[in-house]
Amino acid sequence: MDAVVPLRRIADLPAPPGLPLMGNAHQIHLPEFHQNLEGWQSRFGDFYRVRVWGREFVVVADPQVVTEALRDRPGTFQRTDRMTSIAEELHFGGLFASNGDKWRRQRTMVMAAFDPGHVKRYFPALAQVAQRLAKRFARAGALGEPVPVQQDLMRFTVDVIAGLAFGADIDTLGNEQDPIQQHMDQIFPMVARRLLAPVPYWRWFKLPRDRRLDAHLQALDAAVAGFIAAARERLQADPALRASPSNLIEAMLAAREQPGNALTDQDVAANVVTMLLAGEDTTANTLSWMLWLLCRDAGALRRAGEEVRAALGDERVPTCYEQMEHLPFVEACAHETMRLKPVAPLLPQQAARDTVLAGVAIPKGTMCIFLMRPGATDARYFEAPESFRPERWLGAEAGPGKRVAMPFGAGPRICPGRYLALLEIKVAMATVLGSFELEAVESATPEATREHLAFTMAPTPLRMRLRPRD
Ligand code: HEM
């Protein structure tokens, strides 16, 4: 008979030494929180605990255990209570922050809106947004000015999502006075700050930064109300859209009208904000990291440029979906970028019931943080794991590592925007490499490029120098 191995308790896990009351809070620097945790992982292994003020977190880095837990949703793991309540306060309590039945109801609608067929049909509008991006870059190139990479790419991603999910052509690329952008720039860092705050003080008193945030939230609400009103008008003008809505906002409004439907007006608005937040920084920062990495690898940059020019033929910017099917190396560069620079390096989850992870008893309510990068940069799964080698993602070479790098998460809550994101990445890269010679992508400040975590992991501000292709 096999001996029964007793379960370990969380208290038995190794932990970095902390201080009374504060725990490890004094060792954590919020913009580098992911690196703090990765540093402890290399000292304490794939399973350890940290304490931040009164709250204890179990940190898990083993990719097999992480995958198992992520698949075990929504039953065993779910978004944390803190995430759900903060998201509601910041008006994005939609799909990303919901749990249980509320999550399930919304997931089906969002999946339909972002399914590959729908994304493919949206291509002509996406190509038009890419042309605006090219114009914006060309203006900077002609003036000899550096391009502020992240800001411009965020305009690109916001315009794409507004078109695809809300049927709105907002053109933040062409419009310098772009309020949506400014509001979201303020909201993101506050999400990260509030998630780790020792106490939710803002519920009792507001600091100047909390009052500024409220003003940005109000202004964003007004923009969201505009998207919803326009979609309602379309549904009224064309009732057939109720049966076959052309985008997410129409689908949600049509569902809302069904008798007995549990979606509220607030849910619709929260999902509009969710899509803007979930799709903007993630894709723009992945693209920024990709440009930065390519600029440091002349061979890969040359190969990506040749592939783009062959796929585009006589064109300088993408004009049809089929061109994007001829960019396997560019797509491999995207996967390799997300392996080395995952914009979501941490996935916090909470146990929805008592469970066991790798022999450790995890009681209901336990907060876990899943680290996504250690597995993706482990020599057991990837040869020369620290090197940027896009070709490892091509054909048979891809190997078992493919399942270990999980930049879009895993299981039932895997990112529904992943097809769109990969297509956007290819379109943006084809736009840059088809029209321009990339001269430099470098830090826009005197300090070297660093990873900066503010909900997503961005490079510190970058600037890009481009020259129009002859
Ligand atoms: C390179 C770009 C992107 C990356 C790396 C990324 C990554 C992620 C990750 C790691 C998650 C959490 C998955 C999990 O819990 O297992 C997620 C969820 C989500 N993403 Fe993305 N994402 C990207 C682009 C997008 C885009 C373009 C959209 C569409 C607007 C989007 C919408 C969402 C939504 C709505 C969720 C919540 C899903 C749920 O909880 O059921 N993402 N994404």
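Hi everyone. Before we start, one definition: two strands count as paired here if DSSP finds at least two bridges between them. Keep that in mind as we go through this structure, which is a predicted model.

Let's begin at the sheet. Strand β3 and strand β5, residues 346-351, run antiparallel and are joined by two bridges.

The open sheet has five strands, in the order β1-β2-β8-β5-β3, with mixed pairing. At its edges are β1 (47-52) and β3 (77-78), each of which pairs on one side only. There is another helix here: α1, residues 33-44, lies across β1, β2, β5 and β8, and runs at about 135° to β1.

On to the ligand, then. Which protein residue gives the iron atom its donor? It's Cys 415, through SG, 2.3 Å away, and that is the single donor from the protein. You'll find Cys 415 in the loop between α15 (373-376) and α16 (418-435).

My last stop is Glu 250, in helix α10, residues 248-257. Is Glu 250 buried or exposed? Its relative accessible area is 1%, so Glu 250 is buried. The side chain of Glu 250 makes a polar contact with the side chain of Ser 246, at 2.7 Å. Setting aside neighbours within four places in sequence, Glu 250 is in contact with Ala 231, Arg 234, Leu 235, Leu 241 and Pro 245.

Key: Residues numbered from 1 in each chain as written. Predicted model: local features only at pLDDT ≥ 70, side-chain atom pairs only at ≥ 80, totals over all residues. Heavy atoms only, no water. Donors = N, O, S within 2.8 Å, 3.2 Å for Na, K, Ca; no water. Helix = DSSP H or I, 4+ residues; strand = E, 2+ residues; numbered from the N terminus. Contact = heavy atoms within 4.5 Å. Axes fitted to C-alpha atoms, helices over the stretch in contact; angles between N-to-C directions. Buried < 20%, exposed > 50% of the residue type's maximum accessible area, 1.4 Å probe, protein only. Polar contact = N/O pair within 3.5 Å; in protein donor to acceptor, adjacent residues only side chain to side chain.
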